[in-house]
Amino acid sequence: MLLAIDAGNTHIVLGCLEGDSLRFTARLRTDRAKTRDEYALLFRSLFDLHHVEPSAVEGAVLSCVVSELTNVLCRAVETVTEKKPLVVGAGIKTGLNIKIDDPGQLGADLVVGAVAATDKYPKPMIVFDMGTANTMSVIDKEGRFLGGAILAGLQLSVDALSSGTSQLPHIQLSVPKKVVCSNTVECMQSGAVFGHAAMLDGLIDRVEEELGMPMASVVATGGLSTLVVPLCRRKISIEEDLMLQGLKLIYDKNQ
């Protein structure tokens, strides 16, 4: 059994995989103040909750974009499973041909998502990861990672709008019944979800125009993809467990 952990700015996604099947998956809130022992307690509790013995874990792999938590999470995993996790970073075999200005700047999360998507879908492709930040990764038909775009995520955008204005309230993200709304809360919801859907559609159009070819695949992952993608006019495949799949592929390449 493989323990795969994807630590993002807002959430930590943890999954146990047996072969290509997920034994269980869980989502924790990212807390930079937590210690190794506190994360170890949480991990152990999740194993107990899903009736899995930590001793069954044969290996572990970690992707972390919060640098100060990388060592903390590694030590927590070792405390619970007695396995030292493989950390996605420099020197790790990924099979991804990275063609950006400085490959060392490419975030581990973008690498993992691209590895998983290119293994499962035809190229050229776009991969959207919708979290605290929205990221777009573009892979050409030869499998080369060309680059992409980074922008504020849906929740971050809404929070900034509420915090930076005197009369706009904090809202819960949901899909209103129509685009043209008649009250403040639904107007904000419309702008957030329909606006982000239109943004994804527009980015796809512009990438295809820039590369001079249609995309064979567009894939989306991240916690808010299930809210936004169904509103898009372009065909986008949702892969909720894309990062865990990519982590397993990378782990296997390094054994």
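Buried here means under 20% relative accessible area. Keep that cut-off in mind as you click through this predicted model.

Select cysteine 16. Its relative accessibility is 0%, so cysteine 16 counts as buried. Cysteine 16 is in no disulfide, and the nearest cysteine sulfur belongs to cysteine 74, 16 Å away. Now hop to cysteine 74: it isn't in a disulfide either, its nearest cysteine sulfur being that of cysteine 64, at 8.1 Å. With 10% relative accessibility, cysteine 74 falls under the cut-off and therefore counts as buried too.

**Stop two: the five-stranded sheet.** Next, colour the strands in the order S3-S2-S1-S4-S5 and you have an open sheet with mixed pairing. The edges are S3 (21-29) and S5 (86-87), each of which pairs on one side only. Strands in a sheet pair through backbone hydrogen bonds, either parallel or antiparallel. Zoom in on S4 (residues 59-64) and S5: these two run parallel and are joined by two bridges. To find a bridge by residue, select leucine 62, whose partner in S5 is valine 87.

**Stop three: helices on the sheet.** Bring up H2, residues 67-81. This helix lies across S1 (2-7), S2 (11-18), S4 and S5, and runs at about 160 degrees to S4.

**Stop four: a serine in S8.** Jump to serine 137, which you'll find in strand S8 (residues 133-139). Is serine 137 buried or exposed? Its relative accessible area is 2%, so serine 137 is buried. Which residues is serine 137 in contact with, leaving aside neighbours within four places in sequence? Show Leu110, Met125, Ile126, Val127, Phe145 and Gly147 to see them.

**Last stop: helix H5 and its ends.** Select residues 184-211 for H5. At the N-terminal end, show the side chain of asparagine 183, which caps H5. One of its side-chain oxygens lies 3.4 Å from the backbone nitrogen of valine 185. Finally, go to the other end: just after H5 comes glycine 212, with a positive phi of about 75 degrees.

Notes. Residues numbered from 1 in each chain as written. Predicted model: local features only at pLDDT ≥ 70, side-chain atom pairs only at ≥ 80, totals over all residues. Heavy atoms only, no water. Disulfide = S-S within 2.5 Å. Buried < 20%, exposed > 50% of the residue type's maximum accessible area, 1.4 Å probe, protein only. Helix = DSSP H or I, 4+ residues; strand = E, 2+ residues; numbered from the N terminus. Contact = heavy atoms within 4.5 Å. Pairing = 2+ DSSP bridges. Axes fitted to C-alpha atoms, helices over the stretch in contact; angles between N-to-C directions. Expected span 1.5 Å × (residues − 1). Polar contact = N/O pair within 3.5 Å; in protein donor to acceptor, adjacent residues only side chain to side chain.
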